[in-house]
Amino acid sequence: MSETRTIRFTLNGRPASAAIQSHHNLVELLHQLGLFGARESCGQGLCGCCTVLVDDVAVSGCLYLALGVNGKSVTTIEHLDESGTLSPVQQAFIEAGAFQCGFCTPGFVLMTHQLLKQNPDPSEDEIRHYLAGNLCRCAAYPEIVEAVRLAARTMKQARA
Amino acid sequence: MTEMGRSLPRLEARSKVTGRADYVHNMRVPGMLHAKIFRSTIAHGRILSIDTSAAREMEGVHSVLTGEDITRVMAKPYFGPAFHDQAILALEKVHFIGEPVAVVLADDPHVAAEAAKLILADYEELEAVFDEVEAVTSKAIVHDELKPAGTFADLKHLAGRRNTNVTLDYQLRRGDVEKAFAECDHVFEHTFRTQQVLHVPLESHASLAIPGHDSLVIHTSTQTPSFVRTEIARLLGWADNRVSVQVPFLGGGFGAKVYVKMEALAAALALLVKRPVKIALTMEEQFYTISKHATTFRIKSGVSKDGRIVARACDVWWNGGAYADIGPRVAQKTGFTAAGPYDIENVRIESTEVYTNRPPAGALRGFGVPQLVWAYESHTDMIARALGMDTVEFRRKNILREGRPQATGTAMRDAAIDKVLDCVAERMNWTAPFDRGAGAIKRGRGVGIGFKASISPTTSGAIVNISADGSIVLYTNTIDMGQGSDTGMAQLAAEVLNVPAESIKVVHGNTDVAPYDMGTLGSRSTFHMGNAVKLAAEDAKAKLAALAAEVGLPEGTNYDVKEIFRKRYGMQAGNVVGVGTYVPRYTPPDPKTGQSDNVTPFWMIGGTGAEVEVDTETGHVRVIRLVNVADAGKPINPKICRTQLSGGAIMQLGFTLTEDMVFDGGQVTNPSFADYKIPGFRDVPVMESELVTATQETGPFGAKGIGESSTFGVSPAIANAIEDAVGVRITELPIRPEAVLRALRAAEGRPLEAV
């Protein structure tokens with residue numbers, strides 16, 4: 001096994017540090033810090049359950065070595081409602097009923113945030129293409145499309 | 001009376017979109033050890049030796065344990081719902097590649113996983129059998145002796161046998177099939193096959209066992225907490241109340257998490273080492289844990305010249321893999337519907353489940369029904385086409401109508417088969433002209449309709465507790481694995497107690513506080529637990545009214561609930577506890593004829609219409625539209641019902657087109673999402689979900705289960721649409737482009753070379 005290293009980074013807007021081993025991935029780091037919204041499922045970066053934002057870019061936490069976030073900014077699903085209010089995307093997922101078991105939901109929510117940041121008014125095809133790296137075994141896909149569109153509308157109205 | 005039919009969001013919605021919902025995966029306790037499993041590398045053999053020395057010597061390893069060690073806390077360490085055929089860790093023999101043989105415990109899961117790789121086992125290899133038809137007569141016998149569990153009322157007839165792989169041979173006889181075949185105008189016979197697939201909930205199985213002084217707490221991802229408690233207590237020789245099974249939310253289940261999976265191993269390890277032990281499987285390990293039966297189904301129908309099906313003979317073989325799990329019940333409960341939702345005078349069914357040396361098969365969303373519907377709805381379509389009849393009209397002519405006897409003799413009640421078929425046809429605009437495509441891309445459409453009986457007889461209990469401030473807690477061992485049961489059950493209690501469902505707290509999955517429930521499976525909860533919750537809420541309501549009368553509040557007046565308690569106890573104190581237990585009536589089928597006048601408390605009905613495009617140059621099939629219709633009785637929460645419908649249909653779409661456990665000599669060669677392809681966003685067609693207007697008179701406020709109904713018709717609807725598009729018939733799942741292209745080329749008289 002590998003040696004222990006200390007890393008420093010920004011976690012959900014606050015400075016953080018952790019002692020980790022070099023083989024630990026980002027999901028394990030977050031679990032060590034009490035954040036369980038990013039979940040390892042397929043373990044191969046194919047399902048998106050472990051989605052985390054590193055310097056505002058979505059990564060698969062199961063394939064991303066914890067050491068890699070040293071000096072970077074990490075944002076997890078738990079950050080979105082820290083103000084006490086759900087984000088428009090989270091609210092839209094509830095209104096559209098865009099999940100069943102909820103295990104994959106944090107990944108979809110974070111990817112939708114990133115999508116709407118890049119493309120505030122995506123077409124259905126763009127939504128499907130952008131979210132193709134996230135899997136939902138309960139297959140709430142039709143409702144997820146509805147949620148993304150609803151969130152896009154809400155955010156557009158908020159900007160207007 | 002406003003809670004029924006209200007599409008409120010799930011009670012736990014906020015915790016799920018914020019990533020804060022509890023799953024066993026999140027759980028850790030001080031002193032917890034991680035377990036990693038060393039698995040068999042051969043399909044069938046006797047264990048000669050297990051060398052754990054290198055693993056034991058690895059730094060950070062707490063201990064390495066084998067089947068012999070387990071016997072120190074569980075003298076007879078075999079379990080299973082139908083047969084006690086599953087050793088907690090292999091003893092004497094291994095039966096499939098992937099069977100747990102030894103376990104490494106360590107504080108660090110990486111250490112445990114690395115050490116497990118250092119274990120060596122020597123086996124004397126035995127002949128193995130993998131095919132379900134061969135297994136009936138094979139000399140390779142998977143289990144030397146069959147040991148029926150005797151746990152469930154409906155499986156008591158299983159008798160101990162030796163020198164056979166047959167776990168169950170169910171038969172049904174109605175009328176005189178051979179005579180009808182001889183006298184009818186047309187006879188059709190076809191054979192269909194389905195492949196082995198699996199559930200792959202995104203949360204793999206996880207169990208955390210915490211030993212106490214003379215007790216055990218197991219936090220586990222199970223759909224059947226009551227069964228787990230009883231089975232672990234039986235293994236330990238303990239009273240049930242010393243074992244506590246607690247279940248948070250599940251990250252999907254679909255039948256993968258029924259009965260005992262990792263719980264017995266976690267329990268044994270925790271008691272052996274006197275520390276908490278957690279087992280969390282990887283995605284790969286799901287492929288060695290539980291799957292769905294591969295099947296072969298030979299179906300033969302006799303048809304009169306005016307298009308009436310007069311006789312049907314069904315021979316179904318179920319590939320159970322190395323442990324029976326609940327397969328015998330699949331073969332029986334599902335077997336009796338093998339002739340389909342048709343009114344047929346003469347029926348013969350043989351439904352045979354066998355052991356093979358593959359990973360075990362159990363229940364997967366539909367309990368075997370999708371495999372049967374695949375065959376009988378493909379077959380039915382082929383008959384209609386051969387007779388030159390419209391495929392929907394042919395079905396309409398033969399369908400089981402209300403009140404008519406099904407093959408078991410049980411009269412159909414509250415089964416909207418006709419309405420579901422009509423609704424599918426209407427939504428598909430069936431009688432209107434259809435765009436058949438252009439060039440190499442041909443378009444076609446097809447339908448499939450199926451039905452399922454509920455598992456019976458089974459029991460559910462619930463408790464409704466009204467506190468002195470008027471707030472309500474509902475205790476139930478129905479597990480919310482995404483189907484929305486917490487919300488639905490709260491709505492039912494709220495309907496009785498005239499409060500908003502959102503105000504009710506649901507305590508689910510805790511055997512210390514919630515009463516017995518047979519399990520969250522087979523779409524049984526809405527009906528069975530729903531009735532229990534309704535009874536419990538009515539009991540609480542009646543007791544509250546009695547208390548009001550006792551303290552002198554006049555009947556029928558609008559009083560504050562708090563006031564009743566304050567008057568009775570002099571302060572905010574006390575409770576009203578309502579209890580409800582529900583078990584429906586049931587007549588066991590005659591073992592020789594399968595006849596019963598009451599074989600199920602309710603029927604599930606599902607139909608699908610599919611539109612496809614077939615690329616005649618490559619064989620690629622693109623499903624462009626799926627219409628899914630079901631009879632949910634009176635839906636409690638229509639939006640959640642529709643999500644269940646489309647979710648189930650998309651899952652079955654995966655089983656139809658892409659999902660397949662590929663084997664090489666018993667070894668699964670594609671145990672990962674890289675090679676085992678479940679549906680993603682790009683695979684999902686236009687989805688339409690519809691509930692017909694119906695009522696289940698015996699259901700809670702007219703409701704019944706819906707979790708599996710949309711899986712029934714999907715596969716045959718797609719195969720029927722392919723034939724409609726390009727005139728070739730596919731009889732094996734999955735429908736790969738290669739199979740379609742081979743069929744197309746064969747039909748053109750220029751077949752592709754065999755591989």
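This is a predicted model: local features need pLDDT of at least 70, side-chain atom pairs count only at pLDDT 80 or more; totals for chains, interfaces and linings use all residues.

In chain B, helix α17 (residues 638-657) packs with helix α18 (residues 714-726) at an angle of about 55°, and their axes are 8 Å apart. Axes here are lines fitted to C-alpha atoms, for helices over the stretch in contact, with angles running from 0 to 180 degrees between N-to-C directions. The angle makes α17(B) oblique to α18(B), given that under 35 degrees counts as roughly parallel, over 145 as roughly antiparallel, 65 to 115 as roughly perpendicular and the rest as oblique.

Residues are numbered from 1 along each chain as its sequence is written, and chains are lettered from A and ligands numbered from 1 in the order in which they are written.

Which residues form this helix contact? From α17(B) come A649(B), Q652(B), L653(B), F655(B) and T656(B), and they meet V714(B), S715(B) and I718(B) of α18(B); a contact requires C-beta atoms, placed from the backbone, within 7 Å. Five of these residues are nonpolar, three are polar and none is charged.

A674(B) sits in the loop between β29 (667-668) and β30 (686-691) of chain B. Is A674(B) buried or exposed? It is exposed, having 11 other C-beta atoms within 10 Å; the cut-offs are 12 or fewer for exposed, 20 or more for buried, and partly exposed in between. Leaving aside residues up to four places away in sequence, A674(B) touches Q44(A) and L46(A).

That brings us to the two chains together. In total, 41 residues of chain A are in contact with 45 residues of chain B. On the side of chain A that touches chain B, the elements giving two or more residues are α2, α3 and α5 of chain A.

Of these, consider α3(A), residues 105-118. Because 11 of its 14 residues are buried, α3(A) is largely enclosed by the rest of the structure. Among the buried residues are F108(A), M111(A) and L115(A). The buried residues of α3(A) pack against β3, β4, α2, α4 and α5 of chain A, together with α1 (13-17) of chain B.

Technical notes: Helices (H or I, at least four residues) and strands (E, at least two) are DSSP runs, numbered from the N terminus. Two residues are in contact if their C-beta atoms, placed from the backbone, lie within 7 Å. Ala, Val, Leu, Ile, Met, Phe, Trp, Tyr, Cys and Pro count as nonpolar, Asp, Glu, Lys and Arg as charged, and the others, Gly among them, as polar.
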